Amino acid sequence: MARTCIFCGEDIPAFGGKKLTCGYDTEVVCPNCFDKYADMDEVELAQKILATGRARDAQSLREYVKNQLEREQAAQERAARREEEFLSKHPETGKCPKCGGSMVQYGPLQIKLGEETLMFSNFSRLAAGSMMVRLERCRECGYTEFFTPEESELL
Ligand SMILES: [Zn+2]
Ligand SMILES: [Zn+2]
């Protein structure tokens, strides 16, 4: 008896079936559907199989989809909370002049200056060993601007 493809319902040619992982299970599908669906997200595949009404174990498949969607949502919520926390510490200050990404603020930070810190070698603060700076950094390309809030530190 020929097997039928779970997606399109056509008979699968002898030796033409291809294995495709669709969520909790592996399905043997026809070559056409394999080409069409091989790169697709497993949750989407599982939803497609449910929509055909040909699922061998619709109950488990439905549970799989539900669990995956819940997991995805929880992950998104965690990411949103992390982002919110990050921005509460590092507010956005504007757009990056290089790439247009968002610049966020860091600092004030105390920068330790070593003798080898050529960048600041003209400043008398070098002797004191540190100075306060504020940074703005692009989250897309990493472009960073330095701000030295206290002019007195540079004199
Ligand atoms: Zn098919
Ligand atoms: Zn940028």
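1. Helix H3 lies largely in the open, because the number of its 32 residues that are buried is three. Buried here means 20 or more other C-beta atoms within 10 Å of the residue's own, exposed means 12 or fewer, and partly exposed is in between, with C-beta atoms placed from the backbone. Leu-61, Tyr-64 and Val-65 are the buried residues of H3, and H2 is included in what covers them. The end C-alpha atoms of H3 are 47 Å apart, which agrees with the 46 Å that its 32 residues should span at 1.5 Å a residue; the expected span is 1.5 Å times one less than the number of residues.

2. This is a predicted model, in which local features need pLDDT of at least 70 and side-chain atom pairs count only at pLDDT 80 or more, while totals for chains, interfaces and linings use all residues. Residues are numbered from 1 along each chain as its sequence is written, and chains are lettered from A and ligands numbered from 1 in the order in which they are written.

3. The protein chain has four helices and six strands, in the order β-β-α-α-α-β-β-α-β-β from the N terminus on. Helices (H or I, at least four residues) and strands (E, at least two) are DSSP runs, numbered from the N terminus. Of the 155 residues in the protein chain, 14% are buried.

4. H2 (residues 42–52) packs with H3 (residues 58–89) at an angle of about 145°, the axes being 10 Å apart. Axes are lines fitted to C-alpha atoms, for helices over the stretch in contact, and angles run from 0 to 180 degrees between N-to-C directions. On the H2 side the contact includes Val-43, Ala-46 and Ile-49; on the H3 side it includes Ala-58, Leu-61 and Tyr-64. Contact means C-beta atoms, placed from the backbone, within 7 Å.

5. The largest nonpolar core has 16 residues, and Cys-5, Val-29, Ala-46, Ile-49 and Leu-61 have the most contacts inside it. Strand E1 (18–22), H2 and H3 each supply at least two of the core residues. Such a core is a set of buried Ala, Val, Leu, Ile, Met, Phe, Trp, Tyr and Cys residues joined through C-beta atoms within 7 Å. Beyond its neighbours within four places in sequence, Ile-49 is in contact with Ile-6, Cys-22, Ala-55 and Leu-61.

6. Two backbone details remain. Gly-107 and Pro-108 are joined by a cis peptide bond with omega of about 10°; Pro-108 is in strand E4 (residues 102–112). Phe-15, not a glycine, has a positive phi of about 60°. Phe-15 is in the segment before E1 and is exposed, with 5 other C-beta atoms within 10 Å.

Notes: Two residues are in contact if their C-beta atoms, placed from the backbone, lie within 7 Å.
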